[in-house]
Amino acid sequence: MLVCLAGTALAADFPTPYNSEPDPTASPPTPAAAAAGMTLPPGFRVQVFAAEPDVQNPIAMAWDARGRLWVAENFTYAERTKRFDLGLRDRVLIFEDTDHDGAADRRTVFTDDAQMLTSIEVGRGGVWLLCPPQLLFLPDANADDVPDGPPQVVLDGFTVAQSNYHNFANGLRWGPDGWLYGRSGHSCPGQLGAPGTPDDQRIPIEGGIWRFHPERKVVEVLCHGTTNPWGHDWDENGELFFINTVNGHLWHMMPGAHFKESFGADPNPGVYDRLDMIADHWHFDTKGAWSDSREGKANALGGGHAHIGMMIYQADQWPAEWRNRLFTLNMHGRRTNVERLEREGSAYVGRHQADIFLASDPWFRGIDLGTGPDGSAYVLDWSDTGECHESTGVHRTSGRIFRISHGDPAVPDLADLALPDGAALQRLVRHPNVWYDRQARRRLVDGHGSADAKETLQALVSDSSLGSPQRLRALWSRNALGSLDRSQLLALLREKDEHLRVWAIRLLTDAWPLDTITGPLPGTVYPDEPEVTDTFVRLAETDPSSMVRLSLASVLQRLPVAKRGPLGRALAAHPADAADHSLPSMVWYGLIPLAPREPATLRDIAANTAWPDLLRWIARSLSGQLEKQPGILDPLLTLAGKADAAKQKALLQGISDGLQGWRRAPKPGTWDAFAAAAGNPADSLMRDLGAVFGDGRALDEVRRVALDGKADMAMREAALRTLIDNKPPDLRQVCESLLGTRILNATAVRGLALFDDVKIGQSLAATYGKFYPAERPAVMDTLVSRPSFAGPLLDEVARGKIPRADLTAFHARQILAFKNDPLTKQLREVWGDVRESAADKRALVTRLKSELTPEVLAQADRSQGRLVFQNVCAACHTLYGQGGKVGPDLTGSGRANLNYLLGNLADPSAEVAADYRMTVLTLADGRVLSGVVAARSERTVTLRLLTEETVLERGAIAKEETLPISLMPEGLLLAFSPTQVRDLLAYLMHPVQVPLPAP
């Protein structure tokens with residue numbers, strides 16, 4: 001019998017979960033039947049730990065030191081037509097097995113007031129919930145299973161995509177270093193930071209692994225790429241591995257790594273080649289589409305492309321042969337894939353072992369797995385059918401938790417975790433089940449250790465009779481308690497075991513800032529620790545371990561750019577690492593910012609390395625600076641002239657790669673001498689570069705690169721820009737052919753803007769939804785740049801194909817600037833009136849002043865007001881450091897005065913500062929651009945638009961008009977409900993920033 005308890009005063013109106021799949025009467029087999037139908041290796045058995053109605057739609061789990069299983073239930077995730085049903089709520093449950101028979105007999109509801117819940121973790125005096133776009137903390141200091149107060153928003157910016165929303169952030173788990181780790185999918189790019197963090201200080205993420213330090217309040221994005229990681233774990237040496245879908249399933253996480261993605265270019269233009277997965281196999285036939293691996297079609301290879309949940313088994317309840325194996329749930333194969341991790345070079349390779357735990361239940365949808373205190377594996381089953389993204393609907397009324405054990409597990413002994421003193425820590429560090437070590441570390445961090453804990457742990461770290469996994473456990477716990485000084489870590493760099501040296505490097509640099517995906521964050525303050533950095537350089541020169549060198553390569557992205565050269569040079573001087581899976585790439589990722597700032601340092605590294613990939617990347621990056629620094633390639637060509645054939649070829653290939661898409665480039669001063677000395681004029685690289693440095697590449701070659709589907713995306717984009725600048729006769733055809741190519745389509749739109757043809761407007765408007773959300777504002781700018789484009793735009797808005805909200809006030813003004821009566825009429829019908837009489841404005845202000853009394857404003861929801869501002873006003877206005885710059889910054893304005901606000905909102909053109917008056921430019925090619933003039937020179941005019949600043953040659957401007965009106969339209973308040981007006985005004989009048997509403 002399962003006893004149900006409510007750990008908090010739960011709402012009586014908790015919405016009843018419903019089923020939305022095509023056949024709502026369908027149901028899975030009974031939990032017992034599902035368990036009985038699972039094929040297991042000899043000696044294993046599976047039990048139903050919990051099932052519906054006690055658990056439904058389980059999506060994630062965590063353990064506490066009392067041996068209780070915490071489970072997150074997600075009911076709000078919905079089919080594509082809804083994305084999320086926010087009329088439902090998500091829930092956190094606690095399960096206990098008090099009689100240790102393998103079935104939960106006690107169930108507590110911790111909270112039932114979450115939404116979009118993907119993950120849970122316990123520790124630091126409360127419970128952590130990942131509810132994208134927010135990371136929440138629910139304090140429970142006395143551990144009574146009742147939240148001490150409302151959720152605290154710790155981080156926000158975890159974007160949830162409009163279409164591929166199943167890529168949203170997930171995966172909370174404490175790391176051995178004391179940070180809280182999580183994951184995010186590629187299709188949900190975000191900007192991470194504490195609430196109120198300005199945009200330019202947020203940390204970008206486009207898929208990968210991130211971590212948050214609860215005490216220092218710091219967030220880092222550790223790696224970038226892959227498709228949708230939904231499982232990770234650490235091995236006995238503290239190496240993090242994670243699984244993924246579609247473009248490779250197994251990855252070794254290295255801070256600063258850029259991994260391959262299923263589509264798209266890396267946001268850092270200096271990343272030319274991204275790291276691949278470490279598995280030596282695939283779980284589906286890569287000769288076909290990954291989507292062809294569903295419905296059991298890839299079972300012979302492992303089950304298919306979708307992997308969920310991951311566990312590296314580090315306990316002793318299963319036979320020894322399974323220890324340190326990596327297990328992940330294969331969704332379409334309804335099985336568990338097993339990987340054997342082996343060292344290879346600086347990192348690892350994953351070898352495919354036989355699949356196990358095959359489920360015959362067609363409803364089985366394993367979504368998470370992990371080891372429990374008894375050494376068994378616990379598996380969450382979402383329990384549903386249909387396509388894996390739930391496109392066909394969600395079955396919310398079922399869910400299972402299975403326990404998989406070998407024989408009869410022993411009753412867990414949790415006594416040492418109650419108060420981990422010196423004697424208990426001696427046992428916990430040596431415990432064969434890593435679960436105990438991880439829980440002990442959390443107990444210590446939460447203040448439950450004895451006074452002798454630090455001394456005991458330090459002695460264990462220094463005990464050379466212990467194996468390195470046990471010494472590492474002691475080191476991690478000692479670090480978690482703080483006061484681990486630099487001298488102790490520097491001493492570990494002299495240890496014989498490479499893993500101890502690796503972790504000494506990581507902990508020495510744990511508080512040093514890490515580069516973002518696009519490079520160092522502006523204003524980053526780096527520590528000045530020459531003793532440590534000098535030691536790292538000596539270690540890079542002399543350490544025999546390539547894994548140690550890989551850790552040092554990762555450190556490059558934590559150093560000031562001006563100090564990266566010596567370490568990069570020392571690492572790149574090892575010829576044996578030239579073909580390593582990871583080292584050349586990781587070294588290069590740390591050297592990328594040197595090209596524009598320290599080119600001489602890069603050339604010095606090139607002179608002292610034999611790594612062909614690094615040579616190619618260095619040459620490519622330097623050639624990209626050729627227009628800004630005409631002499632930048634001269635020393636490199638001198639080096640190439642003295643190099644052997646292999647090194648010379650790598651350098652020339654890099655220069656050629658860097659100039660792909662260029663029709664003509666400034667000729668380096670040393671080119672003629674180099675070419676004469678090199679000889680072999682028939683060499684294709686020499687011939688091609690000679691053309692670029694001479695009369696220029698034929699546009700046919702540039703066009704070929706732009707249209708080459710196998711070419712590097714950055715090269716193709718550069719080639720397309722060159723074509724747009726040169727305007728060949730077939731430019732329109734080229735651009736139209738690339739509208740369906742992600743990344744290139746936004747550039748193609750800029751090319752099509754040059755042609756005044758209603759058919760182009762119709763095509764752009766019809767394909768608007770195929771552009772990335774971040775690219776759509778630029779497409780909208782193009783659609784309002786010509787009357788022939790604006791008509792099709794308004795047609796699509798009227799049909800509901802383009803969201804009305806995407807047509808901003810700025811764009812409405814732009815269309816009005818055409819002074820085209822039919823378009824103006826159509827705009828009013830689709831978007832609304834944008835003019836009011838003076839009497840109407842006065843009447844509106846009078847009415848709102850009478851309605852918005854102090855009592856009414858006191859009832860406002862300022863968080864909802866911020867949401868209105870973000871959606872409507874922030875495109876033009878900055879407030880608290882965030883927003884656009886087309887309109888005035890509102891942070892220091894007189895917005896606390898209601899009369900001031902109402903006057904400006906109702907009649908925005910009554911008083912317009914000269915700097916913010918609307919300027920309309922009619923270009924010689926027929927386009928019309930509206931914006932605010934940001935700068936002028938003798939030759940150019942810089943116009944500030946919603947999405948960008950564009951610099952225009954004065955000769956390209958046929959007419960310029962500066963109008964005494966604001967870009968902000970009149971009648972804006974009339975588009976809002978009374979509640980939205982109240983909330984917006986209250987937010988604007990409030991003196992400090994408020995959080996966005998919880999999702």
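Modeller: In H26, the buried residues are Ser788, Phe789, Ala790, Gly791, Pro792, Leu793, Leu794, Glu796 and Val797. Keep in mind that this is a predicted model. The count is 9 buried residues out of 12, so H26 is largely enclosed by the rest of the structure. Buried here means under 20% relative accessible area.

At 1.5 Å a residue, its 12 residues should span 16 Å. The end C-alpha atoms lie 17 Å apart, which agrees. After the helix comes glycine 800, with a positive phi near 85°.

Now take the same length check to H9 (residues 530-542). Its 13 residues should span 18 Å at 1.5 Å a residue, and the end C-alpha atoms are 18 Å apart, so the two values agree. Val532, Thr535, Phe536, Val537, Leu539 and Ala540 are buried in H9. What covers these buried residues? The cover includes helix H7 (486-492), H8, H10 and helix H11 (565-571). An α-helix has 3.6 residues a turn, so residues three or four places apart point the same way.

The axes of H8 (residues 498-508) and H10 (residues 546-555) come within 9 Å and cross at roughly 10°. An angle under 35 degrees counts as roughly parallel. H8 and H10 are therefore roughly parallel to each other. On the H8 side, the contact is made by Glu498, His499, Arg501, Val502, Ile505 and Arg506. On the H10 side, Met547, Val548, Ser551, Leu552 and Val555 take part. By type, the residues of this contact divide into 6 nonpolar, 2 polar and 3 charged.

Next, a strand. How many of the residues of S16 are buried? In S16 (residues 208-213), 6 of the 6 residues are buried, so the strand is largely enclosed by the rest of the structure. S16 pairs with S13 (residues 180-184) in the antiparallel sense, over 5 bridges. In that pairing, tyrosine 181 has arginine 211 of S16 as its bridge partner. S16 also runs antiparallel to S17 (residues 218-221), joined by 4 bridges. There, tryptophan 210 stands opposite valine 221 in S17.

S16 and S17 form a hairpin with 4 residues between them. The turn holds lysine 217, in the loop between S16 and S17. Lysine 217 is not a glycine, yet its phi is positive, about 60°. Is lysine 217 buried or exposed? At 61% relative accessibility, lysine 217 counts as exposed. The cut-off for that label is over 50%.

Histidine 100 lies in the loop between strand S6 (90-96) and strand S7 (106-114). With a relative accessible area of 39%, histidine 100 is partly exposed.

Two other loops carry cis peptide bonds. The bond from glutamate 52 to proline 53 is cis, with omega near 10°. Proline 53 sits in the loop between strand S3 (44-51) and strand S4 (58-63). Proline 132 and proline 133 are likewise joined by a cis peptide bond, with omega about 15°. Proline 133 belongs to the loop between strand S9 (126-131) and strand S10 (134-139).

Finally, a sheet. Strands of a sheet pair through backbone hydrogen bonds, either parallel or antiparallel. Which order do the strands take in the open sheet of 5 strands? The order is S36-S35-S34-S33-S37, and the pairing is antiparallel. S36 (949-953) and S37 (957-963) stand at the edges, each with a single partner strand, so one side of each is left without a neighbour in the sheet. Ignoring direction, neighbouring strands of this sheet are turned by 45° against each other on average. Threonine 919 stands opposite threonine 962 in S37.

Conventions:
Residues are numbered from 1 along each chain as its sequence is written. This is a predicted model: local features need pLDDT of at least 70, side-chain atom pairs count only at pLDDT 80 or more; totals for chains, interfaces and linings use all residues. Side-chain values use heavy atoms; hydrogens and water are left out. Two strands pair if DSSP finds at least two bridges between them. Axes are lines fitted to C-alpha atoms, for helices over the stretch in contact, and angles run from 0 to 180 degrees between N-to-C directions. Buried means under 20% relative accessible area, exposed over 50%, partly exposed in between (1.4 Å probe, protein chains only). Angles under 35 degrees count as roughly parallel, over 145 as roughly antiparallel, 65 to 115 as roughly perpendicular and the rest as oblique. Contact means heavy atoms within 4.5 Å. Ala, Val, Leu, Ile, Met, Phe, Trp, Tyr, Cys and Pro count as nonpolar, Asp, Glu, Lys and Arg as charged, and the others, Gly among them, as polar. The expected span of a helix is 1.5 Å times one less than its number of residues.
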